Amino acid sequence: MSENSKKVNSVEKKGGFKALKNEFNKIMWPDRATVVNKSIAVVITTTVLALVIAGLDYVINLAMTTFLG
């Protein structure tokens, strides 16, 4: 076993929750405005893509109906 894996195992056994708390404190949480802006961007992008796919589906269906009868 390597030196690093021994250290990791000892940390997990001795202070797993303490190490988890330390890692959790390092997370950079976004502020409310950033979350709202990104959520709006996702909803708009999803809506636009859904409309594009629906439009393509309609055009392909129309073409298939016209050419194949």
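At 56% relative accessibility, lysine 26 counts as exposed, where exposed means over 50% relative accessible area, buried means under 20% and partly exposed lies in between (1.4 Å probe, protein chains only). This is a predicted model, so local features need pLDDT of at least 70 and side-chain atom pairs count only at pLDDT 80 or more, while totals for chains, interfaces and linings use all residues. Residues are numbered from 1 along each chain as its sequence is written, and side-chain values use heavy atoms, with hydrogens and water left out.

**The salt bridge**
- The structure holds one salt bridge, meaning a side-chain nitrogen of Lys or Arg within 4 Å of a carboxyl oxygen of Asp or Glu.
- Lysine 26 pairs up with glutamate 23 here, and their closest N and O atoms are 3.1 Å apart.
- Glutamate 23 is partly exposed, at a relative accessible area of 46%.

**The helices**
- You'll find two helices and zero strands in the chain; these are DSSP runs numbered from the N terminus, with helices being H or I of at least four residues and strands E of at least two.
- Helix α2 covers residues 32-68, and its 37 residues should span 54 Å at 1.5 Å a residue; the end C-alpha atoms are 53 Å apart, which agrees.
- That expected span is 1.5 Å times one less than the number of residues in the helix.

**Threonine 46**
- Threonine 46 sits in helix α2 and is partly exposed, at 47% relative accessibility.
- Its side chain reaches the backbone oxygen of valine 42 at 2.7 Å.

**The surface**
- The chain exposes about 6,700 Å², and carbon and sulfur atoms supply 68% of that; accessible areas come from the Shrake-Rupley method with a 1.4 Å probe, and for residues only the protein chains shown count as cover.
- A nonpolar surface patch, with about 1,000 Å² of accessible area together, includes Val36, Ile40, Ile44, Val48 and Ile60.
- Patches take residues with over 30% relative accessible area and no salt bridge, joining like charges within 9 Å and nonpolar side chains (Val, Leu, Ile, Met, Phe, Trp, Tyr) within 5 Å.
- Isoleucine 60, one of the patch residues, belongs to helix α2 and is exposed, with a relative accessible area of 52%.

Notes. A polar contact is a pair of N or O atoms within 3.5 Å; within protein, one must be able to donate a hydrogen and the other to accept it, and residues adjacent in sequence count only if both atoms are side-chain atoms.
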